Amino acid sequence: MKYLSISIDGAASVKLLLGKGPLMFRGLYRRACPNCGGEIDDYRLVLGLPCRRCLPDDELAKKLSSEELSWIDIAETLSKFSTLKDAKYLAEIEKDINDLESVFEKCVGRRFWSIQRLWARRLLSSQSFAMIAPTGIGKTTFGLIAAIWLAWRKGKKSYIIVPTTTLVKQYEDKLEEYQKKLGLILNVVALYSRLSLKKRKEREESISQGVADIVITTSAYLRRKFELLKNMDFHMIFVDDVDAVMKGSKVVELLLRLMGFNEEDLKKARKILNLKRELSSIRESEKIDKKLKEIKKIKNELIMKRRGKVLIPIF
């Protein structure tokens, strides 16, 4: 067989397979195998499977894809070939998604919608994202149950931000309802105006000592009491206050600080924005490449800084 190989910007190669019979077209994508990070053909990508080096048996690959098995099953198969690498991580995420879904079902009596499963995958992969969906889809319900699951199964803390004190109390009641269904007692700290001075002091003490599992406040409280809240190591920051995010630059800055970013990091973020603006007026390819490399370098530095923390605003 003969191949005509064409490289595209050093990122992918395309080969035309020339042999007996009709001309076949097959794309090979570098650094795209979900298990080893190596080269993989479009056929395996369509099947949702690792490359031929990781899973050399084509017949087994067809069987796996036809049965619509999860990464848990694929990882078990790869372990038999002694080629299991990143698929182990994907399988662990899949197990966590299934566990979170079972907790969700116990709380609300139904399994995930497809979009909620997508949110779960992003959350459990430690990806920050905007939760965009119509009213009634279950954005808030997902966030509350995810906070319970993170505290219960992973020992991780969550911060839920809402626009009004009424919602703080409603969310506290909802979390209590879900905990009863699950037979749990978590340290949920909700701060709102109707609390007595004694209770407020006790709850703020839980925050200052870092022993709260879930904290619920308004965005106004975040602005007033940031020095108290910054002591908490939150894994998930769930912002159910679109106005605070869209209109308040101060709130956005405080959220980024809770994520672990400092003033120097914020300057780097502003530099990325400036570099992107400069790109629009540059025509020379060498200068463009230089700017893109600089942007990538700064982005990687910021990604490393926020590792393990997830910001989820609701829109």
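Contact here means heavy atoms within 4.5 Å. The structure is a predicted model, in which local features need pLDDT of at least 70, side-chain atom pairs count only at pLDDT 80 or more, and totals for chains, interfaces and linings use all residues. Residues are numbered from 1 along each chain as its sequence is written, and side-chain values use heavy atoms, with hydrogens and water left out. Helices (H or I, at least four residues) and strands (E, at least two) are DSSP runs, numbered from the N terminus.

Helix 5 spans residues 114–124, and its buried residues (under 20% relative accessible area, 1.4 Å probe, protein chains only) are Gln 116, Trp 119, Ala 120, Leu 123 and Leu 124. They lie on the same side of helix 5 because they cover an arc of only 120° around the axis, taken from the directions from the helix axis to the C-beta atoms. The cover over these residues includes helix 4, helix 6, strand 8 and strand 9.

| Strand pair | Bridges | Direction |
|---|---|---|
| strand 6 and strand 7 | three | parallel |
| strand 8 and strand 9 | four | parallel |

Ala 190 has Ile 216 in strand 7 as its bridge partner, and Val 239 stands opposite Pro 313 in strand 9. In strand 9, Val 310 and Ile 312 are buried on one side, Leu 311 and Pro 313 on the other.

Note on methods. Buried < 20%, exposed > 50% of the residue type's maximum accessible area, 1.4 Å probe, protein only. Pairing = 2+ DSSP bridges.
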